[in-house]
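Here are my notes for a colleague opening this entry for the first time. The points are meant to be read beside the sequence and the structure.

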Amino acid sequence: GGRDVAAAEEMLVRALEADPYHKEAAAEYAALLVELDRKEEALELYAMAATLRPDNTQALASMGNLLLHTFGDREAARQAFEQALEVEPESVAALTGLADLLAVQSLDEEDASMAEAMQAEALRLYNAAAGVHH
């Protein structure tokens, strides 16, 4: 119950105070905060973990997912995913998050029509370039 959660939180806080660079403790604590509906705190923790360890792609991807699905902040989510992918281009968590982001975006009419407009423009440029060579 609540006492177990408090004990777990205290333990994780102590672990992070002892070693702020501890990736697993940061991840566990952030996940616990999300579960407790303390999402702003979780976000701060992910941000701190990513700042201390820029190679912590898991924290960046988790932060991106939280930003995207809980806060609806797509721009910040995109930055988190892209930052993770700069460090680890094969990061499955970051790639999946970015795919989710694009899927969410494509549901928006404006984004879909903008994508179509960009495709049409690309096609026009391609045809124009091809025309030059004939």
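Which residues form a negative surface patch?

1. The patch. The coordinates discussed here are a predicted model, and that applies to every point below. The negative surface patch consists of D73, E75, E82 and E86. E86 is located in helix α5, which covers residues 74-87. E86 counts as exposed because its relative accessibility is 68%, and the cut-off for exposed is over 50%.

2. At 0% relative accessibility, A77 counts as buried, since buried means under 20%. From the C-alpha atom of A77 to that of V104 the separation is 12 Å, and the two residues are 27 apart along the chain.

3. The core. The largest nonpolar core has 29 residues. Those with the most contacts inside it are L16, Y29, L45, Y46 and M63. At least two residues of this core come from each of α1 (2-18), α2 (23-35), α3 (39-52), α4 (57-71), α5 and α6 (92-107). The helix that gives the most to the core is α4, with 7 residues.

4. The loop between α2 and α3. D37 is found in this loop. Its phi is near 65°, which is a positive value in a residue other than glycine. D37 counts as exposed, because its relative accessibility is 54%.

5. Side chains of opposite charge can pair when their charged atoms come close. In this model the count comes to 6 salt bridges.

6. R38 and E9. Is E9 buried or exposed? E9 is buried, with a relative accessible area of 16%. R38 has a relative accessible area of 24% and is therefore partly exposed.

7. R38 and E41. E41 is partly exposed, its relative accessible area being 36%. Taken with the previous point, E9, R38 and E41 are linked in a network of salt bridges.

8. E121 and R124. E121 is partly exposed, with a relative accessible area of 36%. R124 counts as partly exposed as well, at 47% relative accessibility.

Definitions and conventions. Residues are numbered from 1 along each chain as its sequence is written. This is a predicted model: local features need pLDDT of at least 70, side-chain atom pairs count only at pLDDT 80 or more; totals for chains, interfaces and linings use all residues. Side-chain values use heavy atoms; hydrogens and water are left out. Patches are made of residues with over 30% relative accessible area and no salt bridge: like charges are joined within 9 Å, nonpolar side chains (Val, Leu, Ile, Met, Phe, Trp, Tyr) within 5 Å. Accessible areas come from the Shrake-Rupley method with a 1.4 Å probe; for residues, only the protein chains shown count as cover. A salt bridge is a side-chain nitrogen of Lys or Arg within 4 Å of a carboxyl oxygen of Asp or Glu. Lys and Arg count as positive and Asp and Glu as negative; His and the chain ends are not counted. The place of a charge is taken as NZ of Lys, CZ of Arg, CG of Asp or CD of Glu. Helices (H or I, at least four residues) and strands (E, at least two) are DSSP runs, numbered from the N terminus. Buried means under 20% relative accessible area, exposed over 50%, partly exposed in between (1.4 Å probe, protein chains only). A nonpolar core is a set of buried Ala, Val, Leu, Ile, Met, Phe, Trp, Tyr and Cys residues joined through side-chain atoms within 4.5 Å.
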